[in-house]
Amino acid sequence: MKTITFFNNKGGVGKTSLVYHLAYMYADLGVSVVAADLDPQANLSSMFLDEDRLEALWPDGDHPRTIFGAMQPLLDGIGDIAQPHVEPIDDNLGLLVGDLGLSLSESELSSQWPKSMDREPRAFRVLSAFWRLLESAAAAREAGLVLIDVGPNLGAVNRAALIAAEHVVIPLAPDLYSLQGLRNLGPRLRDWRGEWRERRDRNPVVGLSIPAGAMAPAGYVVMQHAVRLDRPVRAYERWMERIPRVYREAVLGEPVSPDGPTVATDPHCLATLKHYRSLMPLAQEARKPMFALKPADGAIGGHAQAVQDTFRDFRALAVAIAGRCGLHLP
Ligand SMILES: Nc1ncnc2c1ncn2[C@@H]1O[C@H](COP(=O)(O)OP(=O)(O)OP(=O)(O)O)[C@@H](O)[C@H]1O
Ligand SMILES: [Mg+2]
């Protein structure tokens, strides 16, 4: 099982849309995929599922079929994680359903982090809960790939989601906020990796599957939709110019030279994705990825060409990420 988390503590850069589209794209490429909604905002779940289905999965009271529901016995101290429900989306695609209640696990995930240094068994059960749920969901679907969506912050839920990630893809926009985000995120990722390495070996629970916590940076995706259109082109170019250097310095912890690559020549740049404008709302309305839109969904005239462009762009991105993460495409 390969796990890839799409992460940036800057909000609204396109993490959820990427996971959604790439999940469908990998499924189309013949890879069995689980998409995991580990963001307490649960936006990924609402992209995949209509309101009636969400209402059924989120009844009043307990939610046994969400990711939070599967953690509940452990959080309540009455058992371990339950077998998670995986919502079937397509032949090759299943969803670990998100839950607004997931934010309630923040304090427990936070308080168990220091306790794992003292070799407390419960700490390892709690901190590995996401990882074990992903493993069990992937096994149930015979999935070779898990794509993880997380919220825009550096909190304890995300730390647990990130230690479950073998690879990390960073979507970002060419603007001040994204580059500042990168400067916070990079060192934090490196801290988490080091701190988890220190803890891993202290796990006293025999037979408990805990993550390796590699969090290997797979590269970044420049999201042009997140650029503010009221700013001059020059500002855009200035931020574009800085991305390769800031990524190297902050995320990889490597020294940089003044004559480094541009985004266009940077091997760490996985793609620059266009603003697909009116295609995204059409896709959301039709509850389909943009590249699957048909004339009956409103993709007529110029939209039809744009649909083909999105297919080409997302296919190329899926192939690039697979290459960086050592994922075999059938
Ligand atoms: N390539 C794109 N073209 C056009 N619109 C896009 C594109 N990617 C994302 N969007 C739109 O931008 C908005 C933010 O995207 P999304 O929700 O995926 O970001 P996010 O990083 O997951 O946000 P959050 O930090 O809140 O979780 C959404 O309205 C989405 O439809
Ligand atoms: Mg999101």
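This note goes through selected helices, strands, loops and the ligand surroundings of the model above.

1. Basis of the note. The model is predicted, so to speak of a local feature requires a pLDDT of at least 70, side-chain atom pairs count only at pLDDT 80 or more, and totals for chains, interfaces and linings use all residues. Residues are numbered from 1 along each chain as its sequence is written, while chains are lettered from A and ligands numbered from 1 in the order in which they are written.

2. Helix α1. A residue is called buried if 20 or more other C-beta atoms, placed from the backbone, lie within 10 Å of its own, exposed if 12 or fewer do, and partly exposed in between. By that rule 14 of the 14 residues of α1 are buried, and the helix is followed by Gly-30, which has a positive phi near 95°.

3. The nonpolar core. Such a core is a set of buried Ala, Val, Leu, Ile, Met, Phe, Trp, Tyr and Cys residues joined through C-beta atoms within 7 Å. The largest one has 100 residues, and those touching the most other members are Leu-22, Ala-23, Val-33, Val-34, Ala-35, Leu-147 and Ile-148. Helix α1 gives the most to this core, with nine residues. Contact here requires C-beta atoms, placed from the backbone, within 7 Å; leaving aside neighbours within four places in sequence, the contacts of Ile-148 include Thr-3, Ile-4, Thr-5 and Phe-6, and also Ala-161 and Ala-165.

4. A residue is near a molecule if its C-beta atom, placed from the backbone, lies within 6 Å of it. Of the 18 residues around ligand 1, Gly-11, Thr-16, Ser-17, Pro-152 and His-225 come nearest, and α1 gives the most to this shell, with three residues. By class the shell has six nonpolar, 10 polar and two charged residues, where Ala, Val, Leu, Ile, Met, Phe, Trp, Tyr, Cys and Pro count as nonpolar, Asp, Glu, Lys and Arg as charged, and the others, Gly among them, as polar.

5. Helix α12. The end C-alpha atoms of this helix are 35 Å apart, which agrees with the 34 Å that its 24 residues should span at 1.5 Å a residue. Its buried residues include Ala-306, Val-307, Phe-314 and Leu-317, and the buried residues of α12 pack against β1, α1, β6, β7, β8 and α11. Gln-305 also lies in α12, but this residue is exposed because 9 other C-beta atoms lie within 10 Å. Just after the helix, Gly-326 takes a positive phi of about 65°.

6. Strand pairing. Two strands pair if DSSP finds at least two bridges between them. Strands β3 (residues 87-90) and β4 (residues 93-96) run antiparallel and are joined by three bridges; a hairpin of two residues connects them, and Pro-88 has Gly-94 as its bridge partner in β4. Strands β6 and β7, by contrast, run parallel with six bridges, and Pro-171 stands opposite Val-221 in β7. Seven of the eight residues of β7 are buried.

7. Most residues other than glycine have a negative phi. Met-215 has a positive phi near 45° and is found in the loop between α9 and β7, where it counts as buried because it has 22 C-beta neighbours inside 10 Å. Arg-277 likewise has a positive phi near 45°, in the loop between β8 and α11, but it counts as exposed because it has 11 such neighbours inside 10 Å.

8. Glu-249, in helix α10, counts as partly exposed because it has 17 C-beta neighbours inside 10 Å. Pro-255, in the loop between α10 and β8, is exposed because 7 other C-beta atoms lie within 10 Å.

How values were computed
Helix = DSSP H or I, 4+ residues; strand = E, 2+ residues; numbered from the N terminus. Contact = placed C-beta atoms within 7 Å. Expected span 1.5 Å × (residues − 1).
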